[in-house]
Amino acid sequence: MARPCPLCENESLRPLHVAPVDVGTCARCHGLWFGRGQWDRLADRPPVRAFLSAARVAPSRCRKPGHRVSTEHRVCPTCQGAPVGCPECGQRLARVVTSACELDVCPRCEGIWLDAGGFERLEGVTNPQARPAGVGGTASHRCSACAVEVRGARAFAYEGDFYCARCRPPGAVTLDG
Ligand SMILES: [Zn+2]
Ligand SMILES: [Zn+2]
Ligand SMILES: [Zn+2]
Ligand SMILES: [Zn+2]
């Protein structure tokens, strides 16, 4: 069965063997899809579990650049478009941000979608701190450790949870910007 490109209308992913893995690539947008188990066969990229807890609370995007579809919305609040889906199981893909690039993760089958160029940017990144897309800014969060309320730019994210400056674990990333 053909797997659809999550981003492009009427475009199927073509199988591509990039030793040692089999991926799907889109001829139009040049994104790459790593189905279940494929990503973790790459030794020089961070493991998929580095992204999963952030993915479980992350918003999705629709096909239009820059649009976010938060978990409580069924369609994009800006354009009414559907959130992009997993090429294999149809689950909405969760948009995760790391210091190297943004990526889309399927929380169900743990597949990973990378826009063109993302694969290269993750090379050699061993311990990226991943956070859900769209957090930060002026939204406020509750510290997972002490429950104090923290403003977006002052909050820190670690494995999908938020922390205040005092409680942040080593390696937590600032949501500033
Ligand atoms: Zn495409
Ligand atoms: Zn949209
Ligand atoms: Zn899936
Ligand atoms: Zn705290």
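Predicted model: local features only at pLDDT ≥ 70, side-chain atom pairs only at ≥ 80, totals over all residues.
To display them, select residues 14-132 for domain 1 and residues 140-174 for domain 2, the bounds given by the domain assignment of the chain.

Next, turn to the contact between the domains. Here nine residues of domain 1 meet seven residues of domain 2. On the domain 1 side, colour α1 (49-57) and β9 (131-132), the elements that each give two or more residues to the side touching domain 2. Of the elements on this side, α1 gives the most, with four residues. Colouring by class then shows three nonpolar, four polar and two charged residues on the side of domain 1 that touches domain 2.

Now select C109, which lies in the loop that runs between β7 (102-105) and β8 (112-114). Is C109 buried, exposed or partly exposed? C109 counts as partly exposed because 15 C-beta neighbours lie inside 10 Å, a count that falls between the cut-offs of 12 or fewer for exposed and 20 or more for buried.

Which residues does C109 contact, once its neighbours within four places in sequence are left aside? They are R36, C86, E88 and C89.

As a last stop, draw a distance from C109 to P83. These two residues are 26 residues apart along the chain, and their C-alpha atoms are separated by 17 Å.

Technical notes:
Residues numbered from 1 in each chain as written. Chains lettered and ligands numbered in written order. Domains from an automatic or database assignment. Contact = placed C-beta atoms within 7 Å. Nonpolar A, V, L, I, M, F, W, Y, C, P; charged D, E, K, R; others polar.
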